[in-house]
Amino acid sequence: MNTLLKNIPKITPKYVKTLEKLGLFTIQDFLFYLPRRYDDFSKTVALSEEYLNSVITVCAIVTKVKLNRIFRRKLTIAEVIFEDENQTPLKAVWFNQPFILESMPIGTEVRLSGKLKLKGKYFTLSNPAWERASREKTNTGQLVPVYSETPGITSKWIRWQMKTFLEKNQNLEDFVPEELRKKLHLYSLTSALRQLHFPENEEKLLIAKKTFAFREMFLMQLKTLQMKNVWEAQSAPSLRFDEELIEKFIENLPFQLTGAQHKASIEILKDLEKTCPMNRLLNGDVGTGKTVVAAISALSVLSQNQQVAILAPTEVLALQHFQSFSKLFKNYDFNVALLTSSYKLINCCHSERSGAQSKNLQAITPKLSNKSLAPRLSSADPSTTSRVQDSAQDDMSKITREQMISQIESGEINLVIGTHAIIQKDVSFKNLALVIIDEQHRFGVTQRSVLQQETMEFKDGKKKTIPHLLTMTATPIPRTLAIAFFGSLDLSVLDEMPRNRKPIKTKIVLPTQRDQVYAFMRREIGAGRQVFVILPFVEESKVLTEVKAATEEHKKLSLIFPEYSLGLLHGRLKSKEKEAMMQDFKKKKSQILVSTSVVEVGIDIPNATIMLIENSDRFGLSQLHQFRGRVGRGAHQSYCFLFTDSTTQTSLERLRALEKSNDGFKLSEIDLQLRGPGQLLGKAQSGLSDIAMENLNNLKLIKIARAEAENILKTDAKLKKHPLLAKALEKFAKAVHLE
Ligand code: ADP
Ligand code: MG
């Protein structure tokens, strides 16, 4: 199985090179190179008019051959006349394959597969697949595999090689225990591979696919469960649920919590009371108010003199959180710090009651001399703003990164907000009890376990415990996927929008209606509003194309709207430049922001009311919904315009779902049905095979895999009695980045 293809004499170096380009190095790689689809040539018939226009296989004997050359068009046509078992004549033609005639002397019996037509008096097949009738069915006569081809390698060539390899490898090691296979009616690896490459019929193909999907899900569940067990074997500081404190905080909020926020907060606060570390995912659509729930959790910890770290994926978001939390905790005695590579800020959320206003530093490092980037703390509270800014000037040169880090270590700073990289790298805490990760869809789903691992390794200043972990995501995740991928997490869902929200009006816009929308934009901007224009996401490797498209759109719109200032945001800008661009927009220095899909998901710009998305049919529904969530955050009515040139019914149908629904969970379910989980999760990130991805919709299979994984781990936690499984699991975890 691990024999290198290049050591196999039958495969010439030229082929080896091409195979290696496909990522196939060993026999095992080759055997796992599965067909992209199948041609159904399984209907073997005698010629008859009833089969006209259907795909059939027929056995026939060569009676006449002829080669036609059409010089002017450099075309050769090999024409062969056959007779089937009833002596019905059949004409087959092949274009530009003159050599075919050499293999078909008169009297040869051949099996042909293709679509049957009637031309003149002849039944006809053009460019049919064929092989000698005496050979085993490989290219005709059954479900025939079609592989992804590259120049130099045809499906036909792969089929012949595959057949040989399958014959030589009859007893492949199988990590799924035999009694389990029997119980679940699954194939052995050998049979599954055989049926996947050369299915005897549809039913067997289905079982083979199910077998393959099960194998991966089984490994996935084993891995998640193992991680869960490791996590649960740890201990964490138990934090009392102080109802009075929490109620007071909630009472002082400028709004009423939604039912979902209330429920999630209680779930979290109860988790924090336990000595087993919390590992909870807070899943709520954009705008459902995750920040307040995070604040309630943090409050419980901070008030018991323990530290909290909040990690954001980008500097802009970290800064935004710093501002929100400083404001939310302005009446408490906590010191909040912002630590990213551009900012090192400390804000003493002074207690107005104790009057301990400048007990601590409020400082900015020299790096932050760029005024346009200077953060404004709560604009609703000018005293805080000025205080921070004044002392910032005073202390400009006094606080350094080192000082901040030492204050974190000494416990003077209670709440640290920052970007992952920075906080994880070199910060030690005095007593870190809660880590909150706002991941805003930035991380691969499976990477979440990496975060979990890292949380366990935080220098939290405690010897015997690890911090509780709360992860937040704005991607609504359908239930099936949540079970498959986050089996090790507890789930809290915010599925309720704050009541004061006006639903965003969404409309599909056809090319003819473009001017109308531009006129509408003008009116809204005239009334003081702002507009996002998003250009489609091209694959990551094509950043340049994307940048070009955005730059051109920016130019075009600048001509259409000469009276306004337009910002431009794309992946080629440095993060500082991106940030400055976002800040300008936030400060209304520009009215229209043209952006590629890099636009920050979590950024809050309440004054923007129009989201215009070009070529919207190229995005997934969930992603479109995420973009739409950029607007509708303020008091004004917001709009989302989905531009599309596509006229196909399916893509319009899909977009219509957005017109009808503002519910991210519902949309992600539709996405899952229509485009498969790859779109939602990013296939590359998940590392799963196509077959496994297809079956992620299969809740039943996932549940079975989970139950069986639990079963095995119950008696054999370390898989000592299942060495093949242990080995496969190790390999799998590497491939899907679960570790
Ligand atoms: P997200 O879940 O996208 O992170 P945020 O926490 O940023 O959402 O909240 C979005 C906005 O809604 C914020 O301005 C926040 O103050 C406000 N908000 C949160 N909860 C409520 C509520 N229950 N009622 C009204 N407004 C709320
Ligand atoms: Mg948020």
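## Overall architecture

The protein chain contains 26 helices and 23 strands, where helices (H or I, at least four residues) and strands (E, at least two) are DSSP runs numbered from the N terminus. This is a predicted model, in which local features need pLDDT of at least 70, side-chain atom pairs count only at pLDDT 80 or more, and totals for chains, interfaces and linings use all residues. Residues are numbered from 1 along each chain as its sequence is written, and side-chain values use heavy atoms, with hydrogens and water left out.

Of the 739 residues, 55% count as buried (under 20% relative accessible area, with exposed over 50% and partly exposed in between; 1.4 Å probe, protein chains only). The accessible surface comes to about 34,000 Å², of which 52% belongs to carbon and sulfur atoms. Among contacts (heavy atoms within 4.5 Å) between residues at least 6 apart in sequence, 72% join residues at least 24 apart.

## Surroundings of Ser-54

Ser-54 is located in the loop between strand 1 (37–40) and strand 2 (55–70). Its relative accessible area is 19%, so Ser-54 is classed as buried. Apart from neighbours within four places in sequence, Ser-54 is in contact with Lys-43, Gly-114, Lys-115 and Leu-116.

Helix 7 (residues 243–251) supplies the largest share of the patch, four residues. Glu-247 is found in helix 7 and is partly exposed, with a relative accessible area of 47%.

Technical notes
Chains lettered and ligands numbered in written order. Areas by Shrake-Rupley, 256 points an atom, 1.4 Å probe, with all protein chains shown as cover.
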